[in-house]
Amino acid sequence: MPDLLLELLSEEIPARMQAQAAEDLRRLVTQRMAEAGLSHEGARVFVTPRRLTLSVHGIPARQPDRREERKGPKVDAPAPAIAGFLRAAGLRSIAEAKVRPDKKGDFYVAVIEKKGRPAIEVIAEILRDVVRGFPWPKSMRWGDGTLSWVRPLHSILATFGPETEEPEIVSFAVDGIAAGNETRGHRFMAPAAFTVRRFDDYVAKLDAAKVMLDPARRAQTILADARNLAFAQGCELVEDAWLLSEVTGLVEWPVVLMGCFDPAFLSIPNEVIRATIRNNQKCFVLRDPETGKLVNKFVVVANEEASDGGRAIIAGNERVIRARLADAKFFYESDLKLRLEDRLPRFEHIIFHERLGTQAERVARIVALAGRIAPLVGADPAKTERAARLCKADLLTEVVGEFPELQGLMGRYYAEAQGEDASVARAIEDHYKPRGPEDPVPREPVSVAVALADKIDTLVGFWIAGETPTGSKDPYALRRAALGVIRLILENALPISLRAVAEWHAEHAMRVKGPETARALDGLMAFFEDRLAVQLREQKARHDLVDSVLSNASLVAGHQLLLIVRRVEALGRFLDGDDGKNLLAGFKRATSIIRIEERKDKRAYAGEPDAALYRLPEERALAAAIDAAKHEASAAVASDDFAGAMRAMAKLRPEVDAFFDKVTVNVDDARLRENRLKLLNQIREATRVVADFSRIEG
Amino acid sequence: MNPLDPARSFQGLILALQRYWAEWGCVILQPYDMEVGAGTFHPATTLRALGPRPWNAAYVQPSRRPKDGRYGENPNRLQHYYQFQVILKPSPPDIQDLYLNSLVAIGIDPKIHDIRFVEDDWESPTLGAWGLGWECWCDGMEVSQFTYFQQVAGFECAPVSGELTYGLERLAMYVQGVDRVFDLNFNGRDDDKKVTYGDVFLQAEQEYSRHNFEFADTAMLFEQFKMAEAACRRYLDLGWSADRKRHLMALPAYDQCIKASHIFNLLDARGVISVTERQSYILRVRELAKACGEAWLATEGGGATC
């Protein structure tokens, strides 16, 4: 069976777009082939800075013949409808259509036989369309052409044929670029054109022309060579997945070289050195395996085997890195000259958000809230307020201006350098955490208080300002902030009512109050509930249990996050056991009976049953059991003992079972029937103390 | 020793680039005689990038960035520096090779230097322009900007121009192996006739930094901004033919747009423009640039045929 080889050779594709582009190419071509009835045995895709390559093998040489039926109008349809059908189906007269009976009468059906075409023709059309409509995140035109591509497209190589024969060129052209069987090697080391037959000789010839096609192989080569170079120098490569993928996307023929810089620069914090060398120069740093500290060396990945062995490349990179580090050192040292608190007045001139005031106002709010939260989390209030006051000050430093990702960390270094308490310095770094679902949550009380205050201020502020996330748009990363709050509370087991804290913040720090504020906070609490549900689902909690608990004890109503989660856990354990399963079954049976009867009678069976109307011992026993269970469960819930509440519920089970065994609900005596329905309803009411069982599935 | 060796003298580097692009077929222009923030502002780029007519030009353009001044104390930062600008319209298919060969012409051999094209999208909010391309790295140093213009003055570019901008001081520092810009050898002499970049420009850097940051008359500048803006609008209005099909004063109007842009940069350096105002000033200049672009398209140079 024939194979397809496609290569799109262009000017340099941005590294960050390469992997997605390769995947898109594979998906789009194979999808379209499948739609055209062309199967394949396997497809592989490769990408370098200059080429996207797709290899599909085991494709049939022809499309299968296809038979399509198109349903038309009824046989007695008006003439225009029939004429339209003939046109659409490509029939010359209605005699060519078949008549088929249907439930509603006889219909015309056109049977269209489609002869399969040679696969190479179909593929030519597919490739042309895919290239024309390729989903680059950003594309451009060039010269006087009209094609839009990520950067100018230079040539297309497309061959098709079985392994045993000379493959054919897939004949198509896009914007004047005709597909052929030629490509080129490395831009500098082997720029000449050469012809290619199929994937095997293509890869081998590219390799000889100094192009390593497979990005995985380039990445491996870079990593292995860098590790070896480091090892030979007695140090260790600081591995970096982002950087590795970036440099893999910048070279076709990786050559790993090592350079060094003046050890005097090691007086700058390691993170600043690394950020300088990695972000600006896309080079790796190295560390001493003993101490874990950086050494004065770096690894650069060049794109060629230089004729001088890389001497000029190393010397050039060393010069640039020296200049960069000199800048960084200058920034760091001048930052140290001004105390963090002395930077704060500048915040008065920086707008945080037009409806939320200046950065200075924001910091004041965080200080107030952190002070309020401190006693709730066992933090020293004075230290907490100090940390909150200084937590954003490093945003005004030169180093953070240059490397925003070092915010917090630099604040800690500067705080330590100016002699702040260790817990204050730590909180300045940690108040941004957790930055994502994998990032660890701060544990130290001062850090926890400031981290919560920062995030809650942001969330309350944006909700009051009406800037809430919609769909995929969340420019202020409010989802992440909410998840951060949830994790801080749960992982530190903090008995805090988010609603109460948010209300306090709105009233005392933001100075807003009233029904509009209450509505905004309702919205925020509902948002927290959504995030909590997502979070718990990711931890494999059943979403129906989360719903059932939230509908009875919500954040909106001021319930504690921690207790809600404990309730879900207790409920989950309860329902895993036989008592829980049976009680749930009883509950479902009771509610389904009530629901049917309520619908039939068009009325609700709420309210207390009348004890005087109990006729059977099972009725009385159930009533008594419900009373007892309700009482006991309420008491347990009041003392946050959810397992106890579940145990109390479980005691209902024999009486519920016995009731369904012995008592007929739908009796002729209307009063008796009503009373029994009301009694059943009491089961629903009793369980509601713990959760809304009607939301539990199964 | 050849004092005009591009690896030994700043002016030799400029001459080598001029010769290279002249031989290829560019017209070699002289710097535009107005203060601009980048070579792109030269009408030979901004306006000529618009419309259907082919255009190939190269020139040195002094670039003024009032905010980047450091009183001559920083080894790399200048408030006045030179860009070498090439514009090729339509961008030829071998433009990358042309660029690489120009590096060879100034002594950068890609056989021993690591030349890389690293993604860099260009946007000029004041010119209402954007394009895609790269920063060109030589051994880890950015030495040029390479852009395919997609839009200028709010108009789609068709054909597309390829724009190359060489940072001349950086390049010269690289080829001369110098770490401080003021130490560059300007004229390539090693005898008593040697002139350094510092000899030519250090005093200017000190004086202009003082002016830009401390003494530029802001009240006057605010007034000048308004005047330039009004003049631009007025020349645009007066330049249109009765049927609004032809424009007769696109270039003088555009001069005023350039002027407004530079005055805005000065005000910005003086720190008298707040964050929100900043946006509105940028927008005002952009509106001028767009109107000038529209006028240019109604001139002969802009391809108007009626």
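Mentor: Two residues are in contact if their C-beta atoms, placed from the backbone, lie within 7 Å. Please keep in mind that this is a predicted model.

Trainee: How many residues does the contact take from chain B and from chain A?

Mentor: Chain B contributes 26 residues and chain A contributes 28 residues. On the side of chain B that touches chain A, the strands β4 (115-119), β6 (129-138) and β7 (141-152) each supply at least two residues. Of these, β4(B) gives the most, with 4 residues.

Trainee: By class, which residues make up the side of chain B that touches chain A?

Mentor: That side has 14 nonpolar, 6 polar and 6 charged residues.

Trainee: How are two packed helices described?

Mentor: One gives the angle between their axes and the distance between the axes. Here, helix α18 (residues 515-538) and helix α19 (residues 543-550), both of chain A, have axes that come within 9 Å and cross at roughly 150°. Because angles over 145 degrees count as roughly antiparallel, α18(A) is roughly antiparallel to α19(A). The residues in contact include A:E529 and A:L536 of α18(A), and A:H543 and A:V546 of α19(A). By class, this contact divides into 4 nonpolar, 1 polar and 2 charged residues.

Trainee: In what order do the strands of the open sheet in chain A lie?

Mentor: The 4 strands follow the order β13-β15-β16-β14, with antiparallel pairing. The edge strands, β13 (236-237) and β14 (255-260) of chain A, each pair on one side only. Helix α5 (residues 215-232) of chain A packs on this sheet, and its direction makes about 35° with that of β14(A).

Methods:
Residues are numbered from 1 along each chain as its sequence is written. Chains are lettered from A and ligands numbered from 1 in the order in which they are written. This is a predicted model: local features need pLDDT of at least 70, side-chain atom pairs count only at pLDDT 80 or more; totals for chains, interfaces and linings use all residues. Two strands pair if DSSP finds at least two bridges between them. Axes are lines fitted to C-alpha atoms, for helices over the stretch in contact, and angles run from 0 to 180 degrees between N-to-C directions. Ala, Val, Leu, Ile, Met, Phe, Trp, Tyr, Cys and Pro count as nonpolar, Asp, Glu, Lys and Arg as charged, and the others, Gly among them, as polar. Angles under 35 degrees count as roughly parallel, over 145 as roughly antiparallel, 65 to 115 as roughly perpendicular and the rest as oblique.
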